[in-house]
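Here's a quick briefing to read alongside the model. Have the sequence and the 3D view open as you go.

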Amino acid sequence: MPEFTRPTKVGDWSEAALKVLRERYLVEKDDGELETPEEMCWRVALAIAKAEEKWGRSPEEVHRLAEQFYELMVARKFLPNCVAESTLVAVEGGLRPLASIPVGEIALRIATDEAGNHTATRRYANGPKEVLCIEVEDGYSVLATPDHLFRIVNDEGAYVWRRAGDLKIGDWMALQLNFIEAAPPVRLQTDVAFDNEIGRPRERIRLPGVLTPELAEWLGIYMGDGTSRSTGVRCAFCQADQDVIDRWVDLSQKLFGVSPTRRKVKD
């Protein structure tokens, strides 16, 4: 490949990033000095762009591609790490295996942590590499190279990025909301023997057969403000919390088919 001049743009590297780069990524040059982060980015950008020669790209086109890769890398918008082709990618419309997306359809909106979705325009096959299997308690797993970054929740409760090779058992990994397949519904036992008439006048109770968000909400209110009696359950609310009272009544009617009785008591 002809000698190409590296772009002048430099990266804004934190001390922590520089420490990791020096320890793991920066190569020692012929004079014994470590290359700079920008020299590393240019070296990697050239290596990636060089693959385009196989598809008939001219040296000038390869140079332009290398410059584009370099600009993305020093801006920390692109890091050449990998996931397996079976990896499910969160795109508009749901989860899709990476290998199932034809090149002609690669311009998809992909979920990121930077102001919503961004457009992906290319897919790269980087050849055989060492991979790690990352698995979470719920059974979801992914194959990725040790340098691939995953978003986790640290000990302070903040989102941070961590290399796959640095993940530890017990780390809390962030999963994309509303893309994971729903778990099967939790079925509840309804064939129980009990006096299913309560109140005055007596009303028959309808037991929910499935745990729903509404039932979980009702149970949460009951656990916080309710009591159990032989005649049923009661919840005590502040009179000022009229919205909570109305919600409790509405949920009770929808879930159990009964209308709670409202009664004011003295302070």
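**Around H63**

Skip the neighbours within four places in sequence, and H63 is in contact with F4, T5 and W42. Keep in mind that this is a predicted model.

**H63 and its helix**
- H63 sits in helix α3, which covers residues 59-74.
- Is H63 buried or exposed? Its relative accessible area is 18%, so H63 counts as buried, given that the cut-off for buried is under 20%.

**A three-stranded sheet**
- Strands β8, β7 and β9 make up an open sheet, in the order β8-β7-β9, and the pairing is antiparallel.
- The edges belong to β8 (159-163) and β9 (172-173), each of which pairs on one side only.
- Strand β7 runs over residues 149-153 and pairs with β9 in the antiparallel sense, over two bridges.
- Which residue of β9 is the bridge partner of I152? That would be M173.

**The chain overall**
- Count up the secondary structure and you get five helices and 13 strands.
- The chain has 267 residues, and 25% of them count as buried.
- Looking at contacts with a separation of 6 or more, 42% come from residues 24 or more positions apart.

Key: Residues numbered from 1 in each chain as written. Predicted model: local features only at pLDDT ≥ 70, side-chain atom pairs only at ≥ 80, totals over all residues. Heavy atoms only, no water. Pairing = 2+ DSSP bridges. Helix = DSSP H or I, 4+ residues; strand = E, 2+ residues; numbered from the N terminus. Buried < 20%, exposed > 50% of the residue type's maximum accessible area, 1.4 Å probe, protein only. Contact = heavy atoms within 4.5 Å.
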